[in-house]
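The stops below are given in the order in which they may be selected.

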Amino acid sequence: MSVRWLRRAVRRLAGRSSAATEQAKASVRTGPQFFHLAIGPVQGFVAEARRTRDLWAGSFLLSWLTGCAMMRLPPDARILLPDVDGDPLYQSLQTDKLGHYRPSLPNHFIAEVPADFDPNICVGEVQARWHSLAEAVRKTFFDPVANAGQHSDAIWKRQIGTADGAPPFWEVAWVMVPKSEGLKGALDAMERRKLWRSWPSHTAEPGDMCTLMADWQELSGWSRVRSDEQQKEFWKQLRDGVGSHLGHEEVIDLREGERLCAVALVKRLFPLLPPDTLEKLIGFPTEVTESKKRILDSYRPSTSYLAAAHWMKRADENADGPCRDFVGTVNDMSPALARAERYADLGILDSEHRFGWLDGRLLFEGVYDAETELPMLKDEQKAKPLKILGKIAGVKIQNQHQQAVDEEEDELGTGTVGLPSPYYAILAMDGDEAGKLVSQCGEELPPLLAAFARQVGPIVKTAHHGELIYAGGDDLLALLPLEEVLDAALCLRRAWQGTVTQRLEGMNATISAGIVYAHHQVGLRQALEEARHLLEGRAKDGNGRDSVAVSVFGRNGRACLWVSTWDNGDGSAQIVEGLSDLARRSGSQTRALCSNRFAHGINQRLEGFFSRPLANLADHPRTIELGSEDLASLVRALGGTQASDLGQTDIKKLEQILRPHLRIGEEYKCLSEPLQIDAALLLRFLARQWRRLENDEDARAAAA
């Protein structure tokens, strides 16, 4: 008896057993049922990303597959969660023409269905759609190079899954409960279902791992230790094939050094499929720009571009000539880099302005020194754009309020364009205790969550020039320029309060946020993990919800961490507003609070007295009492002469930032000690990054 025959026999018996079980369950169902379906893995698919386009692709595919499952519900079914009325992706799927590419649907839904509904219809639709899309990517990009790999075909089948062999990549879990149990019953049943798995979702794989999804084997099958040249040749042929498909030699969609598994390859390359194929499989229209077979909306701004966005606007307005020279020089060296961000469309620069098409990495001088950053450029080519960057940085800003600046000498000195900040921001927000709210509010809550989700896009993208990765109900993930994220978070909280909190009278509907100021050269996966940790571990669990946690995440890891409630319980968000106001202002007195002297003075002189683990603040014994007047005197002493005349209003804002604000149960507590030493470091960081956008000593030196 062969092992293969035994495996097939086990699968047949399992299938019969499952079918018999479903038939038995269906025979006892009476009356309408609540059907809850969830698709996973989520974090293992969406957050495994090396670039922002991967984030979009993972979120979109998961949202699209959920929508496809919804389309197979019977005509008399009623979707309860999420509220799909007005959802653009759901409406597009109903017409088979996707005019909306934003992942607006979550990875699960609850629907009211008749008792005889077969859930496997929805499950089969998810798997069938995934296999069809993966097969198209395989035929277009993988099959021409499969022979250059070692067992590559077997690796593909094992990772993607087959109809009669390897289990599919997606694990689709579902439950059905009587309607009498309500939405809470459907949610609780799914939580219990997730504790049981039909099979291990993924077992350890051999060989070299994927550079995007680290638990999966890369597709070539060759080992870098024993067969490095064969592995490089496989991926070179694949890159060449992508370039030939797109009609140009240089490929930025699959860069040198990237080795992907089958799942990651589908996620990365499916937007590059021929337009007619995408229209048939997904519903994308067959629009093309010039001769490029690209789906415009699949291109997301890079982290480097987000970090430099506001600087690019100032440079474009004040240094038009050098900017044109820079674009021309880059285009002569590498047309691919000159058009890499062509469809970023953050709204800061005119979408037709070629300065906004440049690969964001080109705007930071440090990348010219790293061999792995710009492999398309030769060493002798890197000097000229670097020189032009220095010239741009030295151009003086045309300040409309020059008279006011002359009257009060500004810290910015010459007021040059300067160099861009290397930091961008990640914003993660999530409603607190959503499951509890659903159980208390029932069908009243989903329409409110949908109304909030519809406001997220305009706030993030239109008002604050960010990039929305997903927004489904009560949670969202967005990437924004450093200057915009605090205001965006405040606007989103106000939208939540106006849409959800105020309409659920008597319900404690709050929302928490995690904000990461990440260096553009830090791995995107690491930065996303930090944002998720801040939201779940610090703002929600550590500080009792209705809170915001902020960290600075540089190339050496976390530099500082600040956690607080939004306000003192009055709903005004005054604490976070105070942080934003102090950081962006440039008056001589408030600048004293953002100076090195003040930040390091607070840190060095008070750390031994006040520093405590944040998780233990509520029950740590008091060691010293520091009143408001004492704190004001201390601030003025450490801030130097500029801080001696600091107003009481600014002192109050600083006190709110320095003192820990906790939410214990339903109460908001402001502790007299210990101080959050990192608050001074965060304030200094924000102020410095805002300043360098308009003036930088290194920029003036480079220009000279």
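## Cysteines

Select Cys560, which counts as buried at 5% relative accessibility; buried means under 20% relative accessible area, exposed over 50% and partly exposed in between, with a 1.4 Å probe and protein chains only. The model is predicted, with local features needing pLDDT of at least 70 and side-chain atom pairs counting only at pLDDT 80 or more, whereas totals for chains, interfaces and linings use all residues. Residues are numbered from 1 along each chain as its sequence is written, and side-chain values use heavy atoms, with hydrogens and water left out.

## Strand 10

Select Ser564, which lies in strand 10 (residues 557-565). Helices (H or I, at least four residues) and strands (E, at least two) are DSSP runs, numbered from the N terminus. Ser564 counts as buried, at 0% relative accessibility. Leaving aside residues up to four places away in sequence, Ser564 touches Asn543, Ser547, Val548, Ile575 and His661; contact means heavy atoms within 4.5 Å. Between Ser564 and Val548 the C-alpha to C-alpha distance is 5.7 Å, while 16 residues separate them in sequence.

## Aromatic pairs

Display the aromatic side chains. A search of the whole structure finds 19 aromatic pairs. Rings of Phe, Tyr and Trp (its six-membered ring) pair if their centres lie within 6.5 Å; planes under 30 degrees apart count as stacked, over 60 as edge-to-face and the rest as tilted.

Centre on Trp56 and Phe60: this pair is stacked, because the ring centres are 5.2 Å apart and the planes lie at 15°. Trp56 and Phe60 are four residues apart in helix 3 (residues 52-71), so about one helical turn separates them. Trp56 counts as buried at 1% relative accessibility, and Phe60 counts as buried at 0%.

Then select Phe452 and Trp496, whose ring centres are 5.2 Å apart with planes at 90°, so the pair is edge-to-face. Phe452 belongs to helix 17 (residues 445-463) and Trp496 to helix 18 (residues 485-501), so the pair ties together parts that are 44 residues apart in sequence. Both Phe452 and Trp496 are buried.

A further selection comprises Phe45, Trp130, Phe169, Trp170 and Trp216, which ring pairs link into a cluster.

## An open sheet and its helices

Switch to a cartoon view and find the open sheet of four strands, ordered 2-3-1-4 with antiparallel pairing; two strands pair if DSSP finds at least two bridges between them. Its edge strands, each pairing on one side only, are strand 2 (78-81) and strand 4 (171-178). From one strand to the next the twist averages 25°; angles run from 0 to 180 degrees between N-to-C directions, and axes are lines fitted to C-alpha atoms, for helices over the stretch in contact.

Zoom in on strand 1 (residues 33-40), which pairs with strand 4 in the antiparallel sense over eight bridges. Gln33 has Pro178 in strand 4 as its bridge partner.

Finally, select helix 5 (residues 120-142), which lies across strand 1 and strand 4 and runs at about 165° to strand 4. Helix 7 (residues 182-194) also packs on the sheet, touching strand 1, strand 2, strand 3 (108-113) and strand 4, and its direction makes about 140° with that of strand 4.
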